[in-house]
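The sequence and the structure are shown first.

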Amino acid sequence: MKITLLQTDISWNDPETNRRRAEGMMRGTEKSDVYVLPEMFSTGFATQPEGIAEGDEGSLRWMTRTAKELDAAVVGSIATALEEGVYCNRMYFVEPDGMVSFYDKRHLFSYAGEEKRYRAGKERKVVEFRGVRFLLQVCYDLRFPVWSRNRGDYDCAIYVANWPQSRIEAWNTLLKARAIENQAYVCGVNRVGTDDACQYAGGTQLIDPYGRVAARCEDEKEGCVTVELNMTKLKEFREKFTVLKDGDEFSLPFTV
């Protein structure tokens, strides 16, 4: 399983330009099974979704077409309008056969007021694709380990983000923590560039189940990196070093 992480510079509220840039990067790199884009890759992080959020067309239609043409899954989050006045930060996992799975961001970023205009998700989402089980997560979710706890149901967690440079050490540290404690691969896909509120340095990377950086994009530059997930080695590691089996038993109501 090859996965490509795309670190893009997002033009504010310009979906056509952002889609064109992302597609050029995807077609210009080596063939992959999964391509992952940052949070709100088509617009930039918008706390005021009115006039910015998209419906079922636009970027989702582009993801569907691109997935089919590349024979690969395309992943990323979009500011999504569900109905009049109701919005969510929705992460899509679009497969080449047209199958669309999604996860609505559970932990809305109150520091920036995201919870005032968006509806929080209620369900945790794992998608299986070509023999690998992916947990879908968005940005601020990274700070809440219970929500991403591995119940033996996923092999790789994907975090898409607009994570600012001022807090990049937290990003780097927490990605490693999620990989180690959940004995899983972790993909962290972040943007570069600036918007009216923040500067973004990237830090897009894949962490292996030992907490080691297996691949990373160059900081402060657009780019992409492709890495292979070795499921045989992951299975052997889990069978030999039984962190998941030795964990504490507990349950929580994962509803709002």
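## Residue I52

I52 is buried, its relative accessible area being 12%, and that value falls under the 20% cut-off for burial. The model is a predicted one. I52 is placed in the loop between β2 and α2.

When residues up to four places away in sequence are set aside, I52 touches W12, N13, T43 and A46. Between the C-alpha atoms of I52 and D14 the separation is 9.1 Å, although the two residues are 38 residues apart along the chain.

## Residue E39

E39 also has its place in the loop between β2 (34-36) and α2 (59-70). With a relative accessibility of 0%, E39 counts as buried. Its side chain makes a polar contact of 3.2 Å with the side chain of K105.

Not counting residues up to four places away in sequence, the residues touched by E39 are I10, F45, S77, N89, K105, E114, V138, C139, V160, A161 and N162.

## Aromatic pairs

A pair of aromatic rings is described by the distance of the centres and the angle of the planes. Nine aromatic pairs are found when the whole structure is searched. One of them joins F93 and F134 in a tilted arrangement, with 5.7 Å from centre to centre and 40 degrees between the planes. Because F93 belongs to strand β4 (residues 86-94) and F134 to strand β7 (residues 132-138), this pair ties together parts that are 41 residues apart in sequence. Both F93 and F134 are buried.

F109 and Y111 form a tilted pair as well, at 5.7 Å centre to centre and with 45 degrees between the planes. Is each of these two residues buried or exposed? F109 is buried, at a relative accessible area of 16%, whereas Y111 counts as exposed, at 70% relative accessibility. Together with Y140 and F144, F109 and Y111 form one aromatic cluster.

## Charges over rings

Two arginine residues are placed over aromatic rings. The charged end of R90 sits over the ring of F102, 3.7 Å from the centre of that ring. R106 lies over the face of W147, and here the distance to the ring centre is 4.8 Å.

## Nonpolar cores

The largest nonpolar core contains 46 residues, of which I3, V34, V36, F134, I158 and L229 touch the most other members. F134 is therefore a member of this core as well as a partner of F93 in the tilted pair.

For I3, leaving aside neighbours within four places in sequence, the contacts are S32, V34, V36, F134, I158, C187, L206, V225, T226, V227 and L229. Another core lies apart from the largest one; it has 17 residues, including M25, L37, L70 and A72.

## Overall fold

The protein has 14 strands and four helices. Its radius of gyration is 17 Å, close to the 18 Å given by the globule rule for 256 residues, so the protein is as compact as a globular protein of that length. The C-alpha trace spans about 50 × 40 × 35 Å along the principal axes.

Of the 256 residues, 55% are buried. Among contacts with a separation of 6 or more, 66% are between residues 24 or more positions apart.

Definitions and conventions. Residues numbered from 1 in each chain as written. Predicted model: local features only at pLDDT ≥ 70, side-chain atom pairs only at ≥ 80, totals over all residues. Heavy atoms only, no water. Phe/Tyr/Trp six-rings, centres within 6.5 Å; stacked < 30°, edge-to-face > 60°. Helix = DSSP H or I, 4+ residues; strand = E, 2+ residues; numbered from the N terminus. Buried < 20%, exposed > 50% of the residue type's maximum accessible area, 1.4 Å probe, protein only. Lys NZ or Arg CZ within 6 Å of the ring centre and 35° of its normal. Polar contact = N/O pair within 3.5 Å; in protein donor to acceptor, adjacent residues only side chain to side chain. Contact = heavy atoms within 4.5 Å. Core = buried A, V, L, I, M, F, W, Y, C linked by side-chain atoms within 4.5 Å. Rg over C-alpha atoms; globule rule 2.2 N^0.38 Å.
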